[in-house]
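I opened the model and kept notes on what I looked up, going from the overall fold to single residues. The entries follow in the order in which I made them.

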Amino acid sequence: MKIRAMQIWGFLLAALGWIFVSCTMAMEGWKISSIGGQGGSSIMSVGWYWSSLWRACFTDSASTSNCYDFPVLWSVEGYLQIVRALLMSGMAVGMLGFILSLVGMECTYIGGKDREKNRSVFTGGICHVASGMLAASGYAVYAQHVSAETFSPRFDGLQFDLGTPLFLGWSGCAFQITGGIFFLVSICKIRSQTYSNVPVVESNALRSSQANISIISELSTKSNISAISELSSKSETSATSNAPSKNTRTSRTGRPSTSKHSDKSRGSVRSEASRSVNSSRSAMISRSHLNSKKVSSPPGATTHLFIKNSYL
């Protein structure tokens, strides 16, 4: 799945879960108990006791309800205060996650640079996961209290059952946590792609440096060969032109011997050839050293620079 599609799905799931949790805060019937009407008797009246986070009511068979609203915060039981605090804190953290994830998504054009957007999306995903876990823990506290009263042998009051808002809230928490995980996975994919591209860039730089070194070595060898050939041709022409017939001497054995002038010319030519070879070698070593330092530069600029230096 693409990163943009993953982030969109995460945002939709987190929004749906947050709506479910907020709806359960206003719903009635968190716990329900019915009396009368057992055994199929139509004479006995039927009534339902039900309670929520904000009030407790009784409804008879004529659909007449008598409710008692909890007046103040400290008038309710302790577990209800814990559930309210967990649900409200979960909704607040979820709203913060919405803002951060909306700013950092790829399909939005706000949030600054890519690094800042990825950071905000990662923080938003953590907020969504934390919001779902807080709300789920609130529903778990309420369900544990109701089930403890139901299965306690010492409890003499009405036995209540879990209502629809608890199951709807648990499904909303699952959606929120799934949306937050989608955000986190998308950021992990982005970071894995950036880290996998680094060796490719390094290998390309090494290849370009090797290509530059090979080009420089070829050019240096060609320049050395051309310089040696020119010097040898000059030496031959100078030797033939500067060797007159008067300087040739015959030894006692009858063999001709060359003059001192031709020997000096040959020695000078050899010294010039050795100097040119040494200078070309030092230039090649310095160019390869400079090229190894400039690996990070683009390959096109380095090749042109060394070609100009080699011809000069």
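Entry 1: I noted at once that the model is a predicted one, so I treat every value here as computed from predicted coordinates, with side-chain atom pairs counted only at pLDDT 80 or more.

**Entry 2: the salt bridge.** I then asked which residue the side chain of Glu28 meets in a salt bridge. The partner is Arg55, at 3.1 Å from N to O, and a count by the same rule comes to one salt bridge. I looked up where the two residues sit: Glu28 is in the loop between helix H1 (3-26) and E1, while Arg55 is in strand E3, so that the pair, 27 residues apart, links distant parts of the chain. Arg55 is also partly exposed, with a relative accessible area of 27%. As a general point, side chains of opposite charge can pair when their charged atoms come close.

**Entry 3: overall layout.** Stepping back, I recorded six helices and seven strands for the protein chain, and read the pattern along the sequence as α-β-β-β-β-α-α-β-α-β-β-α-α. Of the 312 residues, 30% count as buried. I also looked up the contacts between residues at least 6 apart in sequence, and 65% of these join residues at least 24 apart.

**Entry 4: the sheet.** In what order do the five strands of the open sheet run? I read the order as E4-E3-E2-E1-E5, with antiparallel pairing. Strand E4 (65-69) and strand E5 (161-162) are the edge strands, each pairing on one side only. Helix H3 (residues 114-150) packs on this sheet, where it touches strand E1 (31-35), strand E2 (47-51) and E5, and the direction of H3 makes about 30° with that of E1.

**Entry 5: strand pairs, one by one.** I went through the pairings for which I had bridge counts.
- E1 and E2 run antiparallel and are joined by five bridges; within this pair, Ser34 has Trp48 in E2 as its bridge partner.
- E1 and E5, also antiparallel, are joined by two bridges, and here the bridge partner of Ile32 is Asp161 in E5.
- Strand E3 (residues 55-60) is joined to E4 by five bridges, again in antiparallel fashion; Ala56 stands opposite Tyr68 in E4, and Cys57 has Cys67 in E4 as its bridge partner.

In the hairpin of E3 and E4 there are four residues between the strands, and I noted that Ser63 takes a positive phi near 60° there.

Entry 6: Leaving aside residues up to four places away in sequence, Ser51 touches Gly29, Trp30, Lys31, Ala56, Phe70 and Tyr142.

**Entry 7: a residue in a loop.** For contrast in location I turned to Val72, found in the loop between E4 and helix H2 (78-104). Val72 counts as partly exposed at 34% relative accessibility. The C-alpha atoms of Val72 and Trp54 are separated by 9.7 Å, the two residues being 18 apart along the chain.

**Entry 8: helix packing.** On the H1 side the residues in contact are Phe11, Ala14, Ala15, Trp18, Val21, Ser22 and Met25, and they meet Leu87, Met88, Met91, Gly94, Met95, Phe98, Ser101 and Leu102 in H2.

For H2 and H3, I found that the axes come within 7 Å and cross at roughly 160°, so these two helices are roughly antiparallel to each other. The crossing of H2 past H3 is left-handed.

Key. Residues numbered from 1 in each chain as written. Predicted model: local features only at pLDDT ≥ 70, side-chain atom pairs only at ≥ 80, totals over all residues. Heavy atoms only, no water. Pairing = 2+ DSSP bridges. Contact = heavy atoms within 4.5 Å. Axes fitted to C-alpha atoms, helices over the stretch in contact; angles between N-to-C directions. Salt bridge = Lys/Arg side-chain N within 4 Å of Asp/Glu carboxyl O. Buried < 20%, exposed > 50% of the residue type's maximum accessible area, 1.4 Å probe, protein only. Parallel < 35°, antiparallel > 145°, perpendicular 65-115°, else oblique. Left-handed = near helix turned anticlockwise from the far one by under 90°.
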